[in-house]
Amino acid sequence: MKPRVFSGIAPSGSPTIGNLLGAIRHWVRDQERFDNIFCVVDLHAITVPQDPAELRDKTWELAALLLACGIDPDRSLLFVQSHVPEHTTLAWLLNTITPMGWLNRMTQFKVKAGAERETVGAGLFNYPVLMAADILAYHTHYVPVGDDQKQHVELTRDIAERFNHLYGKTFTIPEPMIPRVGARIMSLDDPSMKMSKSDLGPGSLFLLDSPDVNRKKVSRAVTDSVGVVRFDPEQPGLLNLLTILQILSGETSAEIEQRFAGQGYSAVKREMADRVVQALEPIQARYRAFAAEPEQVDAVLAAGAEKARAIACPVVAEVEARVGLRAPRGRPAGTAI
């Protein structure tokens, strides 16, 4: 059997070129290599305030975009998180054995809560436990994540190992899988920050933006006054542009530096913009086809949820039995254990 991979992406904001290069392209490429489960994590999205109508629209849009990018429902499982109630059931069960101290150490909660830490919903605090449930419900072997999510996968491992220790071997212990190149695509206007699906300013290149919009954003991207084209961490703005260009072109760092030797940053921006537009053109065309016949996407998501439940239900049932909420399989309810 192929190793199983679970990947989740939240429908907050709109997917960017950073999501495509840092995650989605790897998901598409590895569909033959792994037993892939892809989930639109709408329950994670509501840990912060959302407009209900917009959330529904963005959930569908994201699913359609994943299909347009090349996720194949004949080779991979695609569904919406809230359509599989086993995720929330398992999250509650895992909450009962997850120490508060572990969650207090989660850096993303501190960042997202900020000064409102005492007033945000408890869901934001418990977000990592729901993520653990997403992963553990499917006996996942690998979780593709960026550096910013690695801590959550490590927490998932801790929770799984704690449960296995308390109640017996139940969960597969997952491993984080971090791409070497392009794992974090940074904002065009602030290269110290990750490119965000929720940034409506000039820092993010959205998959559904028009060619003109994306060209304009690239042309205004922050660089520096050094004037030398090189892959140098001391030139973070330029390095971000070169990283995007490198992923899209498939060239080595040395080849790109040699090709742009003696040229200014504008040449880098022009070529990068051309390659972004070229990469997004077929994705946008396929998305428009899905938008014209939305029932195709709805059918994929319904079938995906049914298949996901077939995997997750036995796992949750075993967890319930181990903690004493139901009789183990093969033993009638109400008998002594």
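Author: One aromatic cluster is formed by Phe6, Phe79 and Tyr138. Rings of Phe, Tyr and Trp (its six-membered ring) pair if their centres lie within 6.5 Å, with planes under 30 degrees apart counted as stacked, over 60 as edge-to-face and the rest as tilted.

Reader: What is the basis of these values?
Author: The model is predicted, so local features need pLDDT of at least 70 and side-chain atom pairs count only at pLDDT 80 or more, while totals for chains, interfaces and linings use all residues. Side-chain values use heavy atoms, with hydrogens and water left out, and residues are numbered from 1 along each chain as its sequence is written.

Reader: How many aromatic pairs does a search of the whole structure find?
Author: The search finds 7 aromatic pairs. Among them, Phe163 and Tyr167 form a tilted pair, at 4.8 Å centre to centre and with 40° between the planes.

Reader: Where do Phe163 and Tyr167 lie?
Author: Both are in helix α8 (residues 150–167), 4 residues apart, which is about one turn of the helix. Helices (H or I, at least four residues) and strands (E, at least two) are DSSP runs, numbered from the N terminus.

Reader: Is Phe163 buried or exposed?
Author: Phe163 counts as buried because its relative accessibility is 0%. Tyr167, at 31% relative accessibility, counts as partly exposed. Buried means under 20% relative accessible area, exposed over 50% and partly exposed in between (1.4 Å probe, protein chains only).

Reader: Turning to strands, which strand is joined to β1?
Author: Strand β2 (residues 35–40) is joined to β1 by 6 bridges, and the two run parallel; strands pair if DSSP finds at least two bridges between them. Ile9 stands opposite Val40 in β2.

Reader: Why is β1 described as largely enclosed?
Author: Of the 6 residues of strand β1 (residues 4–9), 5 are buried, so the strand is largely enclosed by the rest of the structure.

Reader: And helix α3, how many of its residues are buried?
Author: In α3, 13 of the 18 residues are buried, so this helix too is largely enclosed by the rest of the structure. Gly70 follows α3 and has a positive phi, near 125°.

Reader: Where does α12 bend?
Author: α12 bends by about 30° at Glu281, and Pro282 follows within four residues. The bend is the angle between axes fitted to the seven residues ending at a residue and the seven starting there.
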